[in-house]
Amino acid sequence: MVSSHFFSANAGRRFAEQMGSDSERASVPESSGAVSQGLGVQSVGIQSLDSNPATSPPWILDTLFRNLSYDLEQVADVIDPILTAQNHCYRTDWYVQGIVASDRAFLSTNINPDRAIQVTLCGNRWFLGQSSRCAVPMPNPGVADCHAALHFDSGQGFFIVDLGTGRDTWVNGRRLPPAQPHHLQDGDLVKLGSLRFEFLQQCCNQPVWNDD
C-alpha cells in the first residue's frame, strides 16, 4: 500500500474505523455525486487532496464502505491510494484509477472541472464520455457523449473498448479499432478525442488476473 504525506496508512485506518458506524447510516445526497440513469452507476465526489479528510462529512465514505461490504481494513487500504493517485501521474494531470479488492473493482478519477476525486460503485463495466449519464463524465468537447467503456474481468484485469463514435480512442499512441477490447496496464496513456489521461491501477491484495 502506498503511503504519503497527504494521508498516511495509519491515519486511513483510524479514519475508516471512526467513520464506519456513521457511514452505515449515511445516505449520499443528490448534490454529492452524479447518478446515472439506466446505467446503474453512482459517483461520489471526494474533497481535493489538500483538504482534511478527518473533517469531511461522513457520506464521502459511504460508497467505499458499500463497495467493500463495510470491511474497515479494506476501506483503510484503499483510501490512501485514492487520495494520492495524482502523485503517480507522469504525463498528464488527469487520471482514471482502477481499484481492485478481491474479485471486485471500481474506479476513481479527477476528470471534472473541479478536479475533485470521484469514486464509482463496484461493477465490471463503466462508460466514459461527455454525457452525465456515463459513470465517468468527461466534459471535454473532443469526447463523444458515450465514447468508450472500461471493463473489468477478475481473471484478466481492465480493458478499454472504443464504442465506434468516430472520435477515436488511443492507448500509448495506438488508435484502437472500434469494439475491440484492449488490455490496460498501470501507467498507460489513454486519449479520447483531445482528452489525455493516465490509467492507474491499484490492487489492495494479491493480483487477481493473469498476465497471459
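**Helix, sheet and side-chain contacts in the predicted model**

At 3% relative accessibility, D62 counts as buried (buried meaning under 20% relative accessible area, exposed over 50% and partly exposed in between, with a 1.4 Å probe and protein chains only). The model is predicted, so local features require pLDDT of at least 70 and side-chain atom pairs pLDDT 80 or more, whereas totals for chains, interfaces and linings use all residues. Residues are numbered from 1 along each chain as its sequence is written, and side-chain values use heavy atoms, with hydrogens and water left out.

D62 belongs to one of three salt bridges in the structure, a salt bridge being a side-chain nitrogen of Lys or Arg within 4 Å of a carboxyl oxygen of Asp or Glu. Its partner is R66, at 2.8 Å from N to O. R66 and D62 are four residues apart in helix α2 (residues 62-67) and are therefore separated by about one helical turn. R66 is partly exposed, at 35% relative accessibility. Helices (H or I, at least four residues) and strands (E, at least two) are DSSP runs, numbered from the N terminus.

A second salt bridge joins the side chains of R115 and D93, at 3.5 Å from N to O. This pair links distant parts of the chain, 22 residues apart: R115 is in the loop between β3 and β4 (117-120), and D93 in the loop between α3 and β2. Both residues are partly exposed, R115 with a relative accessible area of 39% and D93 with 41%. R115 also lies over the face of W94, at 4.4 Å from the ring centre; the criterion is NZ of Lys or CZ of Arg within 6 Å of the ring centre and within 35 degrees of the ring normal.

The side chains of R175 and D168 form a further salt bridge, at 4.0 Å from N to O. R175 is partly exposed at 45% relative accessibility, as is D168 at 26%. D168 is in the loop between β8 and β9 (169-171) and has a positive phi, near 70 degrees. Most residues other than glycine have a negative phi. S102, in the loop between β2 (95-101) and β3 (104-109), likewise has a positive phi, near 60 degrees, and is partly exposed at 29% relative accessibility.

Helix α3 (residues 72-83) has 12 residues and spans 17 Å from its first C-alpha to its last, close to the expected 16 Å (1.5 Å times one less than the number of residues). Of its 12 residues, 10 are buried, including V75, V78, I79 and L83. D71 caps the N-terminal end of α3, with a side-chain oxygen 3.0 Å from the backbone nitrogen of E73.

Five strands form an open sheet of mixed pairing, in the order β6-β5-β7-β8-β11; strands pair if DSSP finds at least two bridges between them. The edges are β6 (136-137) and β11 (182-183), each with a single partner strand, so one side of each lacks a neighbour in the sheet. Strands β7 (residues 148-153) and β8 (residues 157-162) run antiparallel and are joined by six bridges, and D153 stands opposite G157 in β8.

Four aromatic pairs are present. Rings of Phe, Tyr and Trp (its six-membered ring) pair if their centres lie within 6.5 Å, and planes under 30 degrees apart count as stacked, over 60 as edge-to-face and the rest as tilted. F65 and Y70 are stacked, at 5.9 Å centre to centre with 20 degrees between the planes. F65 is buried, with a relative accessible area of 0%, whereas Y70 is partly exposed at 32%. W126, F152, F158 and F199 form one aromatic cluster.

Technical notes. A polar contact is a pair of N or O atoms within 3.5 Å; within protein, one must be able to donate a hydrogen and the other to accept it, and residues adjacent in sequence count only if both atoms are side-chain atoms.
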